[in-house]
Amino acid sequence: MANRSCSFTHAIARRPATTVVAGLRAADTGVPDHCSFKQHHADYVDALRSTGAVVEVLPPLEAFPDSVFVEDTALCLPEGAVVMRPGAPSRLGEAQAIAPHLTKHYEDIRSIEAPGFIEGGDILVTEREILVGRSARTSRDGIDALRSIVDAWGYTVREVSTPRGVLHFKTDCAILDEETILATPRLSASGCFKGYRIIHTAEGEDASANIVRFNDLVLVPDGFPKTAEHLVSRGYNLRPVRNTEAAKLDGGMSCLSLRFSPRR
């Protein structure tokens, strides 16, 4: 079931800074333990590398507590990369810091300019289109700016809605293969996935929706047995990864990496 939206040759991750304890969060569920976070992050990187992909791990950015969530800083497609403009003002510097690392892989790098803002956590790339959830972190101007860039590369952008109270669109969904999306019932009820095969997260396990299909593996947050059992029964090769510390900052599996196969 591998395809271009789930098959990758490269990934970029960034180690958590000691300042991660001061990261943004929608609700206070506890302060992340930095040592545990580092180990969980290392396990995550090991899982990516186990598929044969080249994974570059960047040093921590102490000035940016949320910089471990590197996915929000860029969208990487085969044809080029787009540097995001995060909706959280404290994260703007993270996007600027990622650009030099993308030049190793891409000749064509574009940027989202003001007044729009957009974060990678709101962007779901499928085989047929790019779904972008409008949210508190992603504006219509940001979506329009992205559309104008990727249109030249042959992509269609469709704006959809992120449920109220949900940080990012991909907090509630993930792509599993060219036809299948894992989603929470509250998100799929909006009808945004019409035409796709939908697998729902188990009752009480909404937080299991943010996963990563990376080559032959599906990286899932540990601790959601019912959803995991359902995915295994559908034939997916799961790799549980501990995520308790990232979850305290509303972070999930997709947030921790940029995944791509550049076309040089």
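**Charged and aromatic contacts: questions and answers**

Visitor: Is Arg140 buried, exposed or partly exposed?
Guide: Welcome! Arg140 has a relative accessible area of 43%. Buried would call for under 20%, and exposed for over 50%. This is a predicted model, and in this model Arg140 therefore counts as partly exposed.

Visitor: Which residue meets Arg140 in a salt bridge?
Guide: Here the nitrogen and oxygen are 3.1 Å apart.

Visitor: How many salt bridges does the structure hold?
Guide: One of them joins Asp108 and Arg110, with the closest N and O atoms 2.6 Å apart. Another brings together the side chains of Lys170 and Glu71, at 2.6 Å from N to O. The number for the structure is 17.

Visitor: Are Lys170 and Glu71 buried or exposed?
Guide: These two form a salt bridge with each other. Lys170 is in the loop between β8 and β9, and Glu71 is in the loop between β2 and β3, 99 residues apart. Both residues are buried.

Visitor: Why is the pair of Phe8 and Phe214 called stacked?
Guide: Good one to ask! A pair of aromatic rings is described by the distance of the centres and the angle of the planes. A search of the whole structure finds four aromatic pairs, and in this one the ring centres of Phe8 and Phe214 are 5.4 Å apart. Planes under 30 degrees apart count as stacked, so what settles the matter is their plane angle of 20°.

Visitor: What is the relative accessible area of Phe214?
Guide: Phe214 is in strand β12, and its partner Phe8 is in the segment before β1, 206 residues away. Phe8 is buried, at 13%. Phe214 is buried too, with a relative accessible area of 0%.

Visitor: What is the angle between the ring planes of Phe169 and Phe193?
Guide: The ring centres of Phe169 and Phe193 are 5.9 Å apart, and the pair is tilted. Phe169 is in the loop between β8 and β9, whereas Phe193 is in the loop between α4 and β11.

Visitor: Which residue lies over the face of Tyr196?
Guide: Here a charged residue sits over a ring. The distance from the ring centre is 3.9 Å, and the residue is Arg128.

Technical notes. Residues numbered from 1 in each chain as written. Predicted model: local features only at pLDDT ≥ 70, side-chain atom pairs only at ≥ 80, totals over all residues. Heavy atoms only, no water. Salt bridge = Lys/Arg side-chain N within 4 Å of Asp/Glu carboxyl O. Helix = DSSP H or I, 4+ residues; strand = E, 2+ residues; numbered from the N terminus. Buried < 20%, exposed > 50% of the residue type's maximum accessible area, 1.4 Å probe, protein only. Phe/Tyr/Trp six-rings, centres within 6.5 Å; stacked < 30°, edge-to-face > 60°. Lys NZ or Arg CZ within 6 Å of the ring centre and 35° of its normal.
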